[in-house]
Amino acid sequence: MDPNKAARLVEQANTVHGWFSREAAMLFALLDEVQQENAVTGPLFEIGVHHGKSACLIGAMAAPGREHLGVCDVFGGQESNASGSGSGDRDVFERNMRRLVPGTLDVRVFGKLSSALRAGEIGTGYRWFHIDGGHNPNEALGDLRLAAEVLGETGLIVVDDPFRPEWPGVTEALIRFLDQDTRFAPVVVGFNKLVLAHRLHSALYCAAIDDRARRAAYGIGPPWLLKELPFLRDSLRILYLPSHYRPPPDGLLARIAKVFRP
Ligand SMILES: C[S@@+](CC[C@H](N)C(=O)[O-])C[C@H]1O[C@@H](n2cnc3c(N)ncnc32)[C@H](O)[C@@H]1O
């Protein structure tokens with residue numbers, strides 16, 4: 001997705017409650033652009049929509065008429081949200097999707113626990129699979145295994161909340177999954193997302209992450225830095241803010257703008 005379109009969508013989705021930062025959206029858009037350039041096609045899926053903040057952007061990545069968006073959330077069945085991660089609301093989700101995503105998009109909603117979801121009902125060949133549902137080890141591990149089963153050869157799995165002290169289950173699931181399924185390699189971690197690809201195709205995405213100019217074009221260049229460190233059997237690209245970085249004080253940019261445009 002073009003960075004300007006992604007920035008517009010982020011702005012429009014400002015009022016949607018959820019957990020999806022501007023930088024995460026720009027990382028999604030950059031990787032989507034790599035898929036477009038390399039003719040990686042297929043449906044897209046998200047487990048855990050809450051009010052649809054990330055689903056809106058993923059939906060906008062889909063080519064209407066050719067690609068559909070599948071989503072799964074327990075919605076009203078919050079008593080089965082074992083990890084207490086978010087709280088989906090189907091009405092709010094559908095309202096937000098209608099407002100922010102072209103009406104021509106085919107959205108297939110699975111209102112149930114993701115552990116009850118089967119590859120047979122959602123199909124295969126996915127180019128994008130975002131996991132942001134239950135955060136307990138077995139929930140996240142089940143979601144990773146399902147994603148691996150339905151992903152197309154050149155597709156991406158994106159996992160929310162990796163390495164977060166509040167959500168150790170996601171990290172446990174990631175490590176167990178990568179240990180068992182050696183077909184997958186990590187591409188990059190940053191902005192609270194970890195991206196995985198089939199090992200045979202990960203170089204395509206890694207090269208795009210390594211491209212400084214490309215990162216800058218998507219607004220995820222400096223002050224964010226990139227480093228690479230060993231992780232399990234691979235090396236992992238990490239997008240991070242240096243510990244000495246201090247964001248400009250609140251309102252500074254607005255005050256500067258006022259000086260130039262009184
Ligand atoms: C962190 S929120 C999702 C945030 C959302 N992606 C966003 O952009 O704001 C997690 C969502 O997963 C749903 N959920 C939790 N456990 C689930 C499970 N086991 N199966 C399906 N959905 C689940 C919750 O209802 C909630 O809507």
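Q: Is the crossing of α3 and α4 left-handed or right-handed?
A: This is a predicted model. In it, α3 and α4 make a right-handed crossing. Ala55, Cys56 and Gly59 supply the α3 side of the contact. Asn96, Met97 and Leu100 supply the α4 side. Sorted by class, the contact residues of these two helices are four nonpolar, two polar and no charged.

Q: What describes two packed helices?
A: Two things do: the angle between the axes, and the distance between those axes. Take helix α3, residues 53-61, and helix α4, residues 90-100. Their axes come within 10 Å. The crossing angle is roughly 40°. α3 and α4 are therefore oblique to each other.

Q: At what angle do α2 and α8 cross?
A: Helix α2 covers residues 22-37, and helix α8 covers residues 202-210. The axes of α2 and α8 cross at roughly 130° and come within 10 Å. Angles over 145 degrees would count as roughly antiparallel, so α2 is oblique to α8. The crossing of α2 and α8 is right-handed.

Q: Which residues of α2 and α8 meet?
A: From α2 come Leu30, Leu31 and Val34. From α8 come Leu204, Tyr205 and Ala208.

Q: How many residues surround the ligand, and which are the closest?
A: The count is 23. Gly18, Gly48, Gly86, Gly88 and Gly134 are the closest. The shell around the ligand holds seven nonpolar, twelve polar and four charged residues.

Q: Is phi of histidine 50 positive or negative?
A: Positive: phi is near 55°, in a residue other than glycine. Histidine 50 belongs to the loop between β1 (44-47) and α3.

Q: How many helices and strands does the protein have?
A: The protein has ten helices and nine strands. Its radius of gyration is 18 Å, close to the 18 Å that the globule rule gives for 262 residues, so the protein is as compact as a globular protein of that length. The C-alpha trace spans about 60 × 45 × 40 Å along its principal axes.

Note on methods
Residues are numbered from 1 along each chain as its sequence is written. This is a predicted model: local features need pLDDT of at least 70, side-chain atom pairs count only at pLDDT 80 or more; totals for chains, interfaces and linings use all residues. Axes are lines fitted to C-alpha atoms, for helices over the stretch in contact, and angles run from 0 to 180 degrees between N-to-C directions. Helices (H or I, at least four residues) and strands (E, at least two) are DSSP runs, numbered from the N terminus. Angles under 35 degrees count as roughly parallel, over 145 as roughly antiparallel, 65 to 115 as roughly perpendicular and the rest as oblique. A crossing is left-handed if the near helix is turned anticlockwise from the far one by less than a right angle, and right-handed if clockwise. Two residues are in contact if their C-beta atoms, placed from the backbone, lie within 7 Å. Ala, Val, Leu, Ile, Met, Phe, Trp, Tyr, Cys and Pro count as nonpolar, Asp, Glu, Lys and Arg as charged, and the others, Gly among them, as polar. A residue is near a molecule or strand if its C-beta atom, placed from the backbone, lies within 6 Å of it. The radius of gyration is taken over C-alpha atoms; the globule rule is 2.2 Å times the number of residues to the power 0.38.
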